[in-house]
Amino acid sequence: KMNALRGKFTSPVPTGEEALLEEKFAEYQKVCKKIKSIHKKLQTYIDLTKKQIEIAAILGIEFSYFHLKTGVEKNAIAFGQLHAEIERIQLASVEKLYQSEVKQKTEDLILQYPKTLDKWKERKKLKAAYASQQKKFEDKQTQLHEFDPSVPPKKGMFGKKKNEEVLAEELNLRGQKLQEAKTKLENSTNYLKEFLSEFLGKKKDGSLLEVPVSAIVACQYHIIKESNRRMEKVKNLFPMSEAFSSLLESMDEESIDEIRNQEIADGKGAVFARRISSKTPPIVCDCMAYIRNGRMDIEGLFRIPGEASMVDKIKAEYDKGTKGALELFGDEINVHDVCGLLKLWFRATKEPLVPYEQYDQLLMIMRDSMMDIDSEETIQAAVAVVESMESPRKEVLGLLMQFLQEITRHKGQNSMTSSNLATCVAPAIARSDDSSPVSMLRDLHPVIASVTLLIENAERLTAPSAADVEKSTHIKVEKPKPPAVPPRDPATNLGPPPGIEEPTMEESQIDMDL
């Protein structure tokens, strides 16, 4: 009887079958990861095309501005609209490809993958349970086989004397549990065998579109790459185009309202999407200190965009109330992420840093003095408008302008002049209550000219003291380094220091023509 039971409970999965099943599951995981990768790549291309649409719209605005009230104004607008329409069509084709050829036909597979992974993990547990029951059954068999009637029986755990009959009863119970474990393991194994065989069959006949989709993606990527190359050629005609990459985003009131509403819904917004209530907002002081810590010479400050996902992570930490959140990320972040965070904070405030009333006054001054912006009269009028702002926005604006002026002292290394910085920062701090395209186009140049003037004359603006700024800074501040410019002999005129080029008349004339 004992030998019959021993033969009944053998391992249900031979070693060869187990190895084959492991191989099939590994191939299944590999295909699923490839399809996920295709999803991610296509989404990246969609995002790239959306960025191109934004660039096309910016070009349209700049064409309109540069050729305003000229004989080619209509042609310039038509050219910009043409580029925008081409990119919209391109985006539609990529999205259609993604929806019809990839997402719809593989969505079930992607959704099923976690369930299949759970089934595989469950089978591993069942294998372990079966092995445990088999061990206990064999131990009980050995105990019964070695039973000696001449030795007085011992009491068990609950006081019952274990004789041959008791041991046989326990062996029978172990056999039942072993059978249950075996049945569960076999059912799990059969399910995975059928599923993986069906899946790999689809892969073999090409119904998963693994190879065709890769080819389509490659072709689509080539088209997008060529479109981007042509757009870059057009952008070279307009030096300010790249700097305006944040312009449309700043004018997109819907996205800003979405940020605010989401913050309110989530019960967050401890830092972002709030009114400016402090002369030294900690997040502003942290960002400035981070940039000052040996990063003032990095090229493209506030112009080169940071990584959006990383900016969102830092934002989330500040909204949780984390002080000095920048230091949590260490080398994961760079100075462009921090510049992007600072612009996002200003852009998402409930009211712009420059109030609408002062915004209109500054634009009026710039329009009236367009041919004599650098005159003392114009500077005094603009500073007076800023000084008429209410606290604390007046002090925050002075703090920001002085910091940007500090960056311009390193322009030989970071290539950021006051005009470049104004182009990048102005849309985040100053906007009209009229967000129509006509208004945006009309105000574009005067806004940038206003911020440029304020940066160059930042020392005249009211700003918080260094001690107050230090109190609100929650990251380590290193001793600032002077710009890397060799000393000059005041008795001789050797021209500009190395690395800093003074604009020639020809370059100035080019800007005027544009």
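Trainee: Which residues of α16 are buried?
Mentor: This is a predicted model, in which local features need pLDDT of at least 70 and side-chain atom pairs count only at pLDDT 80 or more, while totals for chains, interfaces and linings use all residues. Residues are numbered from 1 along each chain as its sequence is written, and side-chain values use heavy atoms, without hydrogens and water. A residue is buried under 20% relative accessible area, exposed over 50% and partly exposed in between (1.4 Å probe, protein chains only). By that rule, the buried residues of α16 are S418, L421, A422, T423, C424, V425, A426, P427, A428 and I429.

Trainee: How many of the 12 residues of α16 are buried?
Mentor: Helices are DSSP runs (H or I, at least four residues; strands are E, at least two), numbered from the N terminus. The helix α16 is largely enclosed by the rest of the structure, because its buried residues number 10.

Trainee: Where does S415 lie, and how exposed is it?
Mentor: Phi of S415 is near 60 degrees, a positive value in a residue other than glycine. Most residues other than glycine have a negative phi. S415 lies in the loop between α15 (411-414) and α16, and it counts as partly exposed, at a relative accessibility of 36%.

Trainee: Is F302, with its positive phi, buried or exposed?
Mentor: Phi of F302 is near 70 degrees, and the residue is placed in the loop between α8 (282-292) and α9 (308-319). With a relative accessible area of 2%, F302 is buried.

Trainee: Which residues does the cis peptide bond join?
Mentor: Most peptide bonds are trans. Here omega is about 10 degrees, and P392 lies in the loop between α13 (376-387) and α14 (393-408). The cis bond joins S391 and P392.

Trainee: Which residue meets E18 in a salt bridge at 2.7 Å?
Mentor: A salt bridge is a side-chain nitrogen of Lys or Arg within 4 Å of a carboxyl oxygen of Asp or Glu. The partner of E18 at 2.7 Å, N to O, is R123. E18 lies in helix α2 (residues 15-66) and its partner in helix α3 (residues 73-145), so the pair ties together parts that are 105 residues apart in sequence. E18 is buried at 13% relative accessible area, and at 2% so is R123.

Trainee: Which residue forms a salt bridge with K140?
Mentor: The closest N and O atoms of this pair are 2.7 Å apart. The pair links distant parts of the chain, 30 residues apart: K140 in helix α3 and its partner in helix α4 (residues 164-205).

Trainee: Which residues gather in a patch of negative charge on the surface?
Mentor: Patches join residues with over 30% relative accessible area and no salt bridge, like charges within 9 Å and nonpolar side chains (Val, Leu, Ile, Met, Phe, Trp, Tyr) within 5 Å. Accessible areas come from the Shrake-Rupley method with a 1.4 Å probe, only the protein chains shown counting as cover for residues. Lys and Arg count as positive and Asp and Glu as negative, with His and the chain ends not counted, and a charge is placed at NZ of Lys, CZ of Arg, CG of Asp or CD of Glu. The patch holds E357, D360, E390, D433 and D434.
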